[in-house]
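Hi,

Here's the structure I said I'd pass along. Have a look at it first, and then read on for what turned up.

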Amino acid sequence: MDNEIIQKVNETVQNFSLIKSGEKILVGVSGGPDSMALLNILFNLKGILDFDIAAATFNHMIRKESISEVKFVEKFVKNLGVKFFTGKADIKLISSETKRSIEDTARDERFKFLFKVKEEEGFDKIALGHNLDDLVETMLINIFKGCGISGIVGIKPLSFNGLIHPILYIERKEIEKYLNENKIPYKTDMTNFSLNYLRNKTRYQIIPLIESIFPEIKKQLLHLSLIASEEDKFIDSIAKKETEIIRNNDQYSLILLKRLPIAIKRRVIKDILGDEANFERIENLINFFESNSRRINIAKNIFIKKDSSKFWFEKKAPFTIVSESTISIPGNTIIEEAGIEIKAYITKKLPELNNFKVAFDLNKLKLPLKIRFRKEGDAIQLENGVKKLQDLLVDAKIRRDQRYKVPIIVDGCNKILWVVGIRRSTLAKIEKKRCNVLILEANFNKN
């Protein structure tokens, strides 16, 4: 047995805390050389480091050999006495239906399967067989496409959601040597040699050319990845703290963001944008924040608006919520769509009132009272006349994407009594000292 490669993997596992004592590790195994080596290495390490393993294989249904390869892996795994899971999906069909590349579709469906098994079976981590050659290819592809420090890192030993790469710092030629010396069988996927795929072009055309000029390129890029990884973590920790400082619920302080150094500012914007982030959008936002413009479209149906001190997301929202409920008098009425509870009770004494707690002369009201959301042509009776609901919402500085879910209380004739949290109408005003007073009180976030 090649103790050197096992020792190198052991060091990677412990240096990056990839596996802890007592953990259950699900190993993704395709039957190819990398994953077969990974399975065998972890099998040899599990007794030393006190963890358990199982194997999972996913059939992409792309090649006719796929079924026999699954059976090959299953036989090998069961000979080790290791638990085995399998799944499948028609990648070509899904790719065609979703208009996504076969490579992206295959990766997404494979991850979906692995995470499903992890969740249902209680595994702590998922181990994948990416090696040093994969790391170098990923770094170069990211650089050629355009990336920041995170892209230069390439693949991390400990990735997102418990994904680990124990053999990440082992070269492919070392893996092949290990397999041959230990007589470990594996399958060769001929699509890995097809130049129709970007990664294969990088592997067989670009990297050999670079190596002919810089023979130590893999070693040097590994060093770059390790350095970039630490710097990336440092910058990311600062950016996350700054993001929390400038965030106020669903709004962000424009004043505080502008004071940040450009490197941190870019990272904060990247965090805020999440999956919508790319270089062009980040730069457009930086320019937008310095401009006199009030609104920018960053993606389909997603806008960012700002005023002099803050900015926020504005997604294309529906005009209204089609929902109407009768208010219980007395009683509590919960409207889940708006996350609101209306408490209604009758009293002789007038409590302290505000925009969230209003009073009406019950004898003047036309019942039943209902709670609904805005409609075309809505208007409210105020002291100085009738005002369009649209104008009221604008004057109250209610964001465009929030107006559809503002609750409205109407009487039995559908006249607006109260725009909840904003304004009470002049209807059913209390003018007598002694009358039956109806109190309506709004409490939000009840859903």
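How many bridges join strand β12 to β13, and which way do the two run? Bear in mind that this is a predicted model. Five bridges link them, and β12 (residues 331-335) and β13 run antiparallel. As one example of the pairing, Gly331 stands opposite Ala344 in β13. The two strands form a hairpin, with four residues between them. If you look into that turn, you'll find Gly339, which has a positive phi of about 60°.

Now follow β13 over to β21. Strand β13 covers residues 340-347, and eight bridges join it to β21, again in an antiparallel arrangement. You can pick out the pairs by eye: Thr347 has Val437 of β21 as its bridge partner, while Tyr345 is partnered with Ile439 in β21.

β21 also pairs with β14 (residues 357-361), through five bridges, and these two run antiparallel as well.

I'd start at the hairpin of β12 and β13, then step across to β21 and on to β14.

Cheers

Terms used: Residues numbered from 1 in each chain as written. Predicted model: local features only at pLDDT ≥ 70, side-chain atom pairs only at ≥ 80, totals over all residues. Heavy atoms only, no water. Pairing = 2+ DSSP bridges.
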